[in-house]
Structure formats: structure tokens, C-alpha cells
Amino acid sequence: MTYVELVTTFGKWKERWSVFARRTRALRRRLAVILAVVGPGIITSNVDNDAGGITTYTLAGSQFGYKLLWVLIPLTIALYVSEEMCARMGVVTGKGLSDLIREEFGFRSTFFVMAAALLVDLGNTVAEFAGVAASMEIFGVTKYISVPLAAIVVWILVVRGTYRSVEKIFLIACAFYLSYVVSAFFAKPDWLLAAKETVVPSFNLQKDYLLMFIGLVGTTIAPWQFFYLQAGFVEKRVAAKQYKHARLDVLVGSISCMAIVFFVIVCTAATLHAHGMTNISSAKEAALALAPLAGKWASFLFAFGLLNASLFAASILPLSTAHVICEGLGFEAGIDRKIPEAPIFYGLYGGLIVAGGAIILIPHAPLFKILLLSQVANGVWLPIVLIFILLLVNRRDLMGEYVNSLSFNIVAWFISIAMIVITLLSVFAPTGAG
Amino acid sequence: MLHATEVLGAEAYDVAGNFVGRVKELFIEPADQPNRVARVLLGRGQYRPLIAKYDQIASVAPGKMNLTTDESALELYHPNEAWLAVRKDLLDQQIIDTSGRKVVRVNDIDFNEQRTNGNVEMRVTHVDVGLPGAVRRLLQGIMPPEAIRKIQEKLPTRTIRWEFVNLIESDPLRRVKLRMTSQKLASMHPADLADIMEELSPAERQSIVDSLDEETAADAIAELDKRLQTQVVEKLDPEKAADIIEEMRPDEAADLLARLSPEASNEIMDEMPTREAAEVKELLRFEADTAGGMMNTELVIVAEDATRGEVVDYIRFHEVPLDQLDNVALVNRDAVLTGTVRLARLLLADSEQQVSELTAESLLFVHPDAKDHEVFELFDKYNLRSLTVVDRSTRPVGMITVDDVVSHMRARL
């Protein structure tokens, strides 16, 4: 090919490319619009599968095999319905949940909600660091190295980042949950049976079964996630006319969250449960027991999944808590601000990380009691938050045409009351599922 | 000094010492006096609430209010949109602190008691946004007022003078009734105003744009986050949007219009005067990441044989926007660019001197389709503060200034 031919060919391709670029401009713009909204829903739902969550799903799978899979479909609906209300409030009012509680219910209510948030989330943060410690121990790293390291990573991530960069890292962390999907395939489960158990409910009244059922529900919907979700949409400045995209984000988030739960349960059911190991007591134990049954890689991926989940939640929980408290009580907040501009925000954030990490490092710390207590606190707090949400989302002066419709309200109240009852049951009948 | 928290919920007694009701709300009538508590709402359980006017109040103390009259002299309560309610409209709501230039949330309101003949008036002095107000709100009714005052003395205060408080009201009718103006906002720097708008909810943001005059609105919108710019402008009616966009620099206007939906931007351009619309349309042809997309079409072009005096007169009579004016482009008889003259050189030159003697050493320019990184390189290499953009026959069509470069570089980060 001569030089001239080369140049003309190149010119032609350049021409074709620009024609293509022009023709797809509208499509690319549409895609950009959707991508600009996506994030909060997917992140929030996935971070739900934190250390405590993974542990519960592991125990559910090892104790009852595929028997509890049917719970996932109703749970997905409950997760979607409750999260969708917050997403809608965030998009329509442009205000965070704690902002709205403050403006509509006054200072004192807000203060108590915030105090509860601090307590509950401290307990949860401890649980996340416990997850980091457990998963790193599988890789042979002592908790005296892994926990401080994790705390530093989490701190730097947020202090050095901006909302957009941090969100990208979080979205990548969501992708790492796929390690559970892979380890489920390594476990060679009976897919047909799993599918059947997912669709056909098989309730039974054994005490252990009921307790596990309650634990599963209780760990899936955490009160703090509503604050985080709503703040996410507010901070992304999603406009009311992009609400459809926000809803899609929440829907995809809820489904993907539950899909991961499905794979965790399937993985442990096909291995541990199938081989009669039904008295596993932690996610770490499960990961170790996986090695001889499904191979080294399955065990490795399972542990990696736990590490990712714990680290992910350990970054979001303290952040969300600091945000919610500062917003409600009127202090400057947000990772787009510098430390001297928002001292209380960074103080709370750092304090939670340090306290959460330090408690784990105390030799012979009563971890199990702490985890139990944090779950109790979660359970007490959830009803209050859900009721606030339902009251706010029905206010026409705030929501305009976006208030709950009657049928949606019936579903939402039914789910909320069911959630409240089940969570309260889990508080008063501790499952030990952590 | 008194605080709203201490007065709200106080027991009110008439002149004979009989209990009348509890203070439920304090109203300010901005149309009358901007800082005086003009009316006090007294709740009486299942009976209709009463209103005490400012001249019917004999004394106020934490938890207690004495009236100068008998209960029968008080009027019945009828809601009035022109009254500013301390509890409902102020407490726990966000306001703009125009001196500290940020959005804050109200914890409490501070009053000054002003004694006139026989009665006492409450005047708003400060808005409390700090810890003392928060503690008061939390403990009110749980601890005696004296004990609360003791605690709060030790806390650092954070208050804003009432003169610097700008309320946020998203209902335009109510804004008029409350005599709310945008004077305080308009006195802020547009960049600060934009920061504040970014913190508010969409409805509140819109209300601020509505209340500003077109020029201030244009300056503030130009400083807003790109995504918010389009959100704000899309919600305006096309006429108002056109009025605001007209006030913007053509390159900013074009950037903004390019991000709107084609229908919305056409609608707005239809409302704009033909000349401005044509300028913007010209700029819209260029991709955002090229010299054409960065440039501004408002430039001063003069003949190379003109004198310094003639050029200065030209600038004076054509009302050229001076903020962005950095240099003047010289052209020959074919309108081809022959040089640029920095304003500083023009300033020192003699009135009779020919401008062509004042040109910079080398003639630098770019074509509109040059990529933005090429422009950045030129600015860096030659330490430029502005660069002329020329068409295919080297006729000047626009100017890129250093602030365009900075904002395009930041957008790429």
C-alpha cells in the first residue's frame, strides 16, 4: 500500500468514525444521563450484604440447605419498596432524610434519632471490623495488622476523595461481590433444586427454622441504609424528572443484593449442608470448611468476598453516620469539604473508625455480645425510621404529585409492619446469627 | 435577652392575673417592622386561639408572659400569610447567612426586650445556629430555665445578626407577602451565591433564581455546577431563561444551551434578540473540546492604521464589556488578523500613536477546530492571557481568555 493510499484509507475511516459518532450522539447522551443517576441504589443495597449479613446467609445455607431460599423473593420486594420511598423523597425534595425529620418533626425528635444512629452504627462498625479481622486471618494475617491497616485505608479513601471518585471505588467494590457467584459455581450445587426452593415457599414451624428466618429478614434491612440512600441521590443532584432512572437504580440494587444472598446460601448449602456440617458458627469457619469440599479457590473467593463486604461497609457506615448526624443537627458535612471546614463531621467519622477498630483489638473483647447488642439496637431503631419515612412520604406539601398512592401505601405499611414485627422478634429471640 | 424556646410554651396571664393560654407561636410582620414580634398566638386547648398584639404585652420572662389587657380585649386568631411565624418558618429551617456566605440551620432565635410606655416589645436580634441553641431546644421543659442558662453560658456561641439573615421561601406569592427582597443576596459575589444555591433543594434554588434580577441571576448561574445549570434553566419559562442567558457571555451561554435538550434550547433562542441569538448559534456549531467551543465572540477588532485615541473612543462608545477585555485585535483592509495589542500597552501609549506600533512581537492565533489541549499548550508555552481565534482566511472570529482555559482544564480533571 502506498503512502497516499494509506492516508486516504485513514481519512475514510476517520470520516466513518465521525459519522458514527454523530449518529450515536443521542444514544450516548441518553446513556450518560442514566449513568449519571446510577449509584446510590446499587451501592446501598450491596453494602447491606455486610459482615453480619454474610454470616447470617452462611449459617442459613449450612443449617437448612436450600430450604430458606424462598424468603429472598419477598425480601427483595420489601427492600425495593422501602428503599424506593427514600429514593423518591431524595429526588423530589432534594433534601436528606435527617434534614426532613428535622424540618418536620423538630429538634428533639431529630436529636434522639441521631443519638440512636450513633450508637447503632458504632455497633455495626465494630461488626465490620470483626469481619475484616476474620477474613484476613484466613489469609494468615493477624488482626493486629489487618484492622489498623483497614482503618487507615478507609480513612484515606474518604478524606482524600471526592464524592464522585469515592462512589466509583464503591461501585467497583459492588462488582467484587461476584466472587460469591464464582465460589457458588465451584461448589457444584443442584441448580434445579435451588431454583425450585426459591420459587416454592416451604415454611415450617421448627424453632430453629423460625429463628433463622427472622435473622435473615432482620439483617437484610438496616435502618441506616435509608439515610445513606437518600443522601446519595441528593448529593448526586438527581432531578425529579430523572426519577425513573433513580427507581431503576434502586430496583437493580435490590435484585443484585438478593442475587448475592442467593449465591452465598447456595454455595454453603451445596457444600457444608450437603456434607452434614450444619453447626458452623461463623463465616470464617465456613470459608475454611469450604477448602476440602469445593477446593482452595472456592474457599479463597469466599474469604475474599467477606473481606470486601466488611471493608466496603466499614467505609460507608461511619461516613453515612457522620453525614446523617451533622446534617440533622446543622453542622457542616460532606467529603467535598476540607477538615477545618467540617470538624465535627470528620471528628465523628474518625471517631467511629478508631473506636470500631480499637474494640476489636482489645484481647478477649466480648465481640459476640457487642454484635448481638448492635443487632438489638438495629431492631429497635428500624421501626422508628420506617414510620418517619412513611409519614414524610405521604406529605403532599413535600412530595406534591409524588406522594404514595393508596395501593402503594397499603403495600408499604404492610411490609413495614411485617418488618417491624419480625425485627422485634429477632431482638427478643436472639438467633446468635450476628 | 430572651430566646424563642423560652417564650414558646410560656403561660400567659391577663392584667388581672388570670391564666389566658400558652404561647404557641410568635409572628413578625415584615411589612410593618422587619424585626418586631408583632403578634403572639395564645393556644387555649379546645377553644379558638387568641392573638395578643405587641402593645398588649406587659412583660415577658422565660416561661411566663403578662398582658396589659383583659382577655376580652384580645382578637381571635385568623391565619395570615403575611406574618412570618417564628416556630414554623424559622426554627429548624435553613437560612442563608449573607455575611458568612453559607447555608445554616436555625436552632433558636434571640430577642431583645424593648420597653416602651407600659409594654414590652420583643425584637429579633440574632439567629442562633450553634450549640447553646441546640442545648436549649433539647433541655427545654426538662430542666428549669435557670439551669439551662447556666449550662449554655459555658458553650461557644454561634449566632448571625438578623440583618444578615436571608430567608428561603419557595412560594413566590408568600415571598411577596413577606416583603422578601434579594438585595442581600445580590450583594454577594456570584461564586458565593452559586455555592449557596448548590446546597439548597431544587425548589429553593429555583426560588432564588426567580427573586434575583437577570444580571445577578446570569452571573450566579454561570458559576453553578454544570448539571445544576441545566436543571435550573430547564425549569424557568423560556422568556425568563432568555432574559438571563442574554446577560451571560456568549461562550458561557453557548455552553449552557448546548447541554439543554434541542427543543428547550431552540425555545429559549427564539425568545432572545436576533443578534445575541446569532452569536450563540455561531458558537453552538463547535464541539465543546475545541478552540471554537472555548472561545468568546465578544472581541474588539480595529483597523491596523487606527490611532490609540481612535481605539479608546471605539471601546468607550461601543460599551464593550470591560471585565473580559484583555487585548484588541488588529486587521488589515481584508479583515485579516495582523496583530494584537495588549490593553496595558494601549494605556501607556500616546493618543496619536498608531496601534500597529504597539503589537506583541509574534502573531499567535488558533483555528476554531484546534483541540483544547493544543490551546492549553499554547497558553503555557507563550505565557498567554488571551489568544485570538481566526477562520480559514485568518479573520479574527473570537478570543479565548485565560479564565476559559482554567475552567476547561478543571472540567477535564
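Tutor: What follows takes several terms in turn and sets each against its definition; the model is a predicted one.

Student: Why is B:Ala335 called partly exposed?

Tutor: A residue is buried with 20 or more other C-beta atoms within 10 Å of its own and exposed with 12 or fewer, with partly exposed in between. B:Ala335 has 13 C-beta neighbours inside 10 Å, and therefore counts as partly exposed. The residue is located in the loop between strand E17 (327-331) and strand E18 (337-342) of chain B.

Student: What makes B:Asn383 count as exposed?

Tutor: The cut-off for exposed is 12 or fewer. B:Asn383 has 7 C-beta neighbours inside 10 Å, so this residue counts as exposed. Its place is the loop between helix H18 (372-382) and strand E20 (386-390) of chain B.

Student: How do you know that the buried residues of H13(B) line one face of the helix?

Tutor: The buried residues of helix H13 (residues 262-271) of chain B are B:Ser265, B:Ile268 and B:Met269. Viewed down the helix axis, they fall within an arc of 100°, so they line one face of H13(B). On the other side of this helix, B:Glu263 and B:Asp270 are exposed.

Student: What covers the buried residues of H13(B)?

Tutor: The cover includes helix H11 (238-246), helix H12 (250-259) and helix H14 (274-284), which belong to chain B.

Student: Which residues have the most contacts inside the largest nonpolar core?

Tutor: They are A:Ile265 and A:Leu306, in a core of 133 residues. Helix H15 (residues 296-329) of chain A contributes the largest share of this core, 18 residues. Among the residues that A:Leu306 touches, leaving aside those up to four places away in sequence, are A:Ala51, A:Ile54 and A:Ala283.

Student: How do you know that chain A and chain B touch?

Tutor: Two residues are in contact if their C-beta atoms lie within 7 Å, and 13 residues of chain A are in contact with 14 residues of chain B. Helix H6 (residues 97-138) of chain A gives the most to chain A's side, with 6 residues. That side divides into 4 nonpolar, 4 polar and 5 charged residues.

Key
Residues numbered from 1 in each chain as written. Chains lettered and ligands numbered in written order. Predicted model: local features only at pLDDT ≥ 70, side-chain atom pairs only at ≥ 80, totals over all residues. Helix = DSSP H or I, 4+ residues; strand = E, 2+ residues; numbered from the N terminus. Arc of directions from axis to C-beta. Core = buried A, V, L, I, M, F, W, Y, C linked by C-beta atoms within 7 Å. Nonpolar A, V, L, I, M, F, W, Y, C, P; charged D, E, K, R; others polar.
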